[in-house]
Amino acid sequence: MSTLTEKIREAAQKVLAEGLAEVVLGYTQGSLPYRNRVTAVNTPEETSRLIWPSFGVLNPANVLHKLKGKKVALISPGCVSRAVVVLCQEGQVKRDEVYLLGVPCPGMLDPSKVRDLGKKILRVEDDFKEKVLVVTSEGEKIVAREELLRQNCLECRHPTPPVYDELLEGEARKPSPSPYQKVEEIEAREVSARWQWFQEAVVSRCIRCYACRNACPLCYCPTCFVDDSRPQWVGKTRDPVDTALYHLVRAYHLAGRCVDCGSCEAACPMDIPLRLLTKKLEKEALSAFSFESGLDPEAPLLLTTFREEDPEDFMITQELKALGKI
Amino acid sequence: MSWEPKIIAFLCNWCSYAGADLAGVSRLRYPPSIRVVRVPCSSRVSPAMILDALKSGADGVLVSGCHPGDCHYLTGNLYARRRFYLLKKLLEFVGLDPERVQFAWVSASEGDVFAKVVTEVTDRIKALGPNTKFRKVLRVEGKS
């Protein structure tokens, strides 16, 4: 049986040779054993550089806007495929201009978890099933894959892409049975404890580099609200209120759109748990509106549609009515 | 003198603004805590506007629009309802006092409801006290 890397190279070669796409977006080995980079491949010869990554933490769909006008094939695990679907729904990408090479995703490893295993990481061998062999300057270690997986892969609901043009053979991770466990842990706290968590884990750490925004495949506005000067929604200083506002609105702008690819968190230099905010909104969209993003390119978006029976008991008039005050 | 909260009220032009007008014309009594911003529709109000009001020193925000089915633009308030639901959940999640941001349906004929809503919102925000968490104040670098 051939490995996923071999299958990807073969499929990419075929796609380029048959003219199904002009460019293949995939991953190649980065400069460190625990880094993989997003790469565009233009010729069948170059496809030998492509790999199935252990550390494909950035979403290749983010580069699509730079390749406008070209037919692009993407090596697509669940989150990449879903990001492309949302871009299609929003009219940013035409469905027939992308070719999705679906990959049943076994989950990716977290570079920071691997980095912590030794002083210097020399080599990482991943069997994409159970075990990872990490060679460090201090010796070899065999670690269970589950322990090194990225948090968003542990919480992933769609490891197999819901939309694709061609699906490679392989074994995907099982969809997570408890995707919202971390969110629920925060929800269970008191109001003041939640505010303290938000201040400590998010606001005080943030240096406002906007890497989370730049890494996000769905943050494509030519002028982001943080760059607006009239009105200036977000001040230019490091004031904690401005930082808090930025994080709230950033997460909110991804409501019903975020596909939980985890690029924001992977790009964050300060290890801010950015995904918790988007995951919370994902949870609410699922429970209140039975909505999941990126499953169908023809479906309407969460906030461009409504149902008459949408919840409204959060409104003060409904509350007062229930109390018989109005 | 007792502290009176400052509440920014985004009122839709077609229903709630007229409802507020009716409350005034009917000489109904309600606290002088609201500062009205007239908007074309409740769906004109974006989360950034609500947060910006708090950041700029408001103690609370009230957004009010037409009842479902009464929207001048037919469905604007139904889109708004979804958005506000998610915003409220997000604000609760990060521990911003959920009572500070309130949403209401008030029609043009409900002057009494408008007065009651403002009274209730004011009472609730009074109980919370001034907005100190989400207000931007001048700070000197290195001092808290």
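A residue is called buried if 20 or more other C-beta atoms lie within 10 Å of its own, exposed if 12 or fewer do, and partly exposed in between, with C-beta atoms placed from the backbone. With 17 other C-beta atoms within 10 Å, Lys283(A) is therefore partly exposed, whereas Pro53(A), with 25 C-beta neighbours inside 10 Å, counts as buried.

This is a predicted model, in which local features need pLDDT of at least 70, side-chain atom pairs count only at pLDDT 80 or more, and totals for chains, interfaces and linings use all residues. Residues are numbered from 1 along each chain as its sequence is written, and chains are lettered from A and ligands numbered from 1 in the order in which they are written.

Helices (H or I, at least four residues) and strands (E, at least two) are DSSP runs, numbered from the N terminus. Two residues are in contact if their C-beta atoms, placed from the backbone, lie within 7 Å. The table places the two residues in these terms.

| Residue | Location in chain A | Contacts, leaving aside residues up to four places away in sequence | C-alpha separation |
|---|---|---|---|
| Pro53(A) | loop between strand E2 (36-41) and strand E3 (72-76) | Tyr27(A), Asn36(A), Met108(A) | 9.3 Å to Asp126(A), 73 residues apart along the chain |
| Lys283(A) | helix H11 (residues 274-289) | Tyr180(A), Val183(A) | 23 Å to Ala267(A), 16 residues apart in sequence |

**Domains of chain A**

Chain A is divided into domain 1 (1-106 + 155-173) and domain 2 (178-301), with bounds that come from an automatic or database domain assignment. Their C-alpha centres lie 25 Å apart. Domain 1 of chain A gives 20 residues to the contact and domain 2 of chain A gives 21 residues. On the side of domain 1 that touches domain 2 there are 10 nonpolar, 5 polar and 5 charged residues. Here Ala, Val, Leu, Ile, Met, Phe, Trp, Tyr, Cys and Pro count as nonpolar, Asp, Glu, Lys and Arg as charged, and the others, Gly among them, as polar.

Helix H7 (residues 191-203) and helix H9 (residues 240-253) of chain A pack at an angle of about 90°, their axes 11 Å apart. H7(A) and H9(A) are therefore roughly perpendicular to each other. In this packing, Gln199(A), Val202(A) and Val203(A) of H7(A) meet Pro240(A), Thr243(A), Ala244(A) and His247(A) of H9(A). That contact has 4 nonpolar, 3 polar and no charged residues.

**Where the chains meet**

Chain A and chain B each put 38 residues into their contact. On chain B, helix H2 (47-55), helix H3 (76-93), strand E4 (101-105) and helix H4 (111-128) each supply at least two residues. H3(B) gives the largest share of that side, 12 residues. By class, the side of chain B that touches chain A has 21 nonpolar, 3 polar and 14 charged residues.

H2(B) is largely enclosed by the rest of the structure, because 7 of its 9 residues are buried. These are Pro47(B), Ile50(B), Leu51(B), Asp52(B), Ala53(B), Leu54(B) and Lys55(B). Their cover includes H9 of chain A, along with strand E1 (7-12), strand E3 (60-65), H3 and E4 of chain B. After H2(B) comes Gly57(B), whose phi is positive, near 120°.

Leaving aside its neighbours within four places in sequence, Val61(B) is in contact with residues including Ile50(B), Ala53(B) and Leu54(B).

Definitions and conventions
Axes fitted to C-alpha atoms, helices over the stretch in contact; angles between N-to-C directions. Parallel < 35°, antiparallel > 145°, perpendicular 65-115°, else oblique.
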